[in-house]
Amino acid sequence: MNFKAYPDRDLLMLDLADQIAAELRRALEVHGRATLSVPGGTTPGPVFDILSGLDLDWGRVSVLLNDERWVDESSPRSNTRLLRERLLTGRAAGAQLVPLYAPAPQPEDKLAELAEGIAPALPITVLLLGMGADMHTASLFPGADRLAEALSDTAPAVMALRAEAAGEPRITLTAPVLRDAMHIHILITGAEKRAAIERAATLPEEEAPVRCVLKNATVHWAE
Ligand SMILES: O=C1O[C@H](COP(=O)(O)O)[C@@H](O)[C@H](O)[C@H]1O
């Protein structure tokens, strides 16, 4: 992995947003369209705020979450809600959201429908991932019920997973789709996550799922 340490979080967020925008612009010039896949959780909000104000032809950009918690958008745990509030606003309001949630009791009820919507947006142009201190990325949690399948080369693009640490059921992009992205960035902050990602590089993917993308990823870190 390529590890980039920044003097502080503000500089990290600014620099990373600029890099993502430059990669999207290049893809738009060459291919006419681009797909940006982003995490939810507590870390990426400031990057979203900056990205949403950048000058980009957002109408030609599809935005897709890495993963979603199976909760309604009215829940503060909804990653889709975070996207709508922090990224798909301002200049980026015209970007096309590719849904990773639809109201239903279980993710399996909507999996086929959501997978069909995702297929035209693949491969991912720019993949921004987060990581938990337990070394999960997207919703690929250590100990998840179908983790081995989700990490395998033959996994479908999107799967429903359950893990004790995850709380609610999850829907997640799987390892082959993540690995296939043209540009891969991992955004982490704090000493605990730095230690976790260094450890992940030494462990098997089943113990440290983030390892499935580490080889070609740039890790962006600030204290
Ligand atoms: O549950 C999730 O956690 C990870 C990490 O979140 P953070 O709050 O520690 O930044 C996130 O990347 C993922 O998208 C989310 O669903």
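Which residues surround the ligand? In this predicted model, the ligand is surrounded by Pro-39, Gly-40, Gly-41, Thr-42, Thr-43, Asn-66, Asp-67, Arg-69, Asn-79, Gly-130, Gly-132 and Ser-139. By class, this shell holds one nonpolar, nine polar and two charged residues.

Helix H1 covers residues 9-31. Its 23 residues should span 33 Å at 1.5 Å a residue, and the end C-alpha atoms are 32 Å apart, which agrees. Gly-32 follows H1 and has a positive phi, near 85°.

Helix H3 covers residues 79-86. Seen down the axis of H3, its buried residues fall within an arc of 160°, so they line one face of the helix. Asn-79 is one of these buried residues, and Asn-79 also belongs to the ligand's surroundings.

| Helix | Buried residues | Packs against |
|---|---|---|
| H1 (9-31) | Leu-12, Met-13, Leu-16, Ala-17, Ile-20, Leu-24, Ala-27 | S2 (34-38), H2 (45-51), S3 (61-65), S6 (126-129), S9 (183-189), S10 (217-222) |
| H3 (79-86) | Asn-79, Thr-80, Leu-82, Leu-83, Arg-86 | S2, H2, S3, S4 (67-69), S5 (96-98) |

Now the core. In soluble globular proteins, nonpolar side chains tend to be buried together. Here the largest nonpolar core has 68 residues. Those with the most contacts inside it are Ile-20, Leu-24, Leu-36, Val-61, Val-63, Leu-127 and Leu-178. H1 gives the most to this core, with seven residues.

What is Val-63 in contact with, leaving aside its neighbours within four places in sequence? The contacts are Leu-36, Val-38, Leu-83, Leu-87, Leu-88, Ala-95, Gln-96, Leu-97 and Val-98.

How values were computed: Residues are numbered from 1 along each chain as its sequence is written. This is a predicted model: local features need pLDDT of at least 70, side-chain atom pairs count only at pLDDT 80 or more; totals for chains, interfaces and linings use all residues. A residue is near a molecule or strand if its C-beta atom, placed from the backbone, lies within 6 Å of it. Ala, Val, Leu, Ile, Met, Phe, Trp, Tyr, Cys and Pro count as nonpolar, Asp, Glu, Lys and Arg as charged, and the others, Gly among them, as polar. Helices (H or I, at least four residues) and strands (E, at least two) are DSSP runs, numbered from the N terminus. The expected span of a helix is 1.5 Å times one less than its number of residues. A residue is buried if 20 or more other C-beta atoms lie within 10 Å of its own, exposed if 12 or fewer, and partly exposed in between; C-beta atoms are placed from the backbone. Two residues are in contact if their C-beta atoms, placed from the backbone, lie within 7 Å. The arc is that of the directions from the helix axis to the C-beta atoms. A nonpolar core is a set of buried Ala, Val, Leu, Ile, Met, Phe, Trp, Tyr and Cys residues joined through C-beta atoms within 7 Å.
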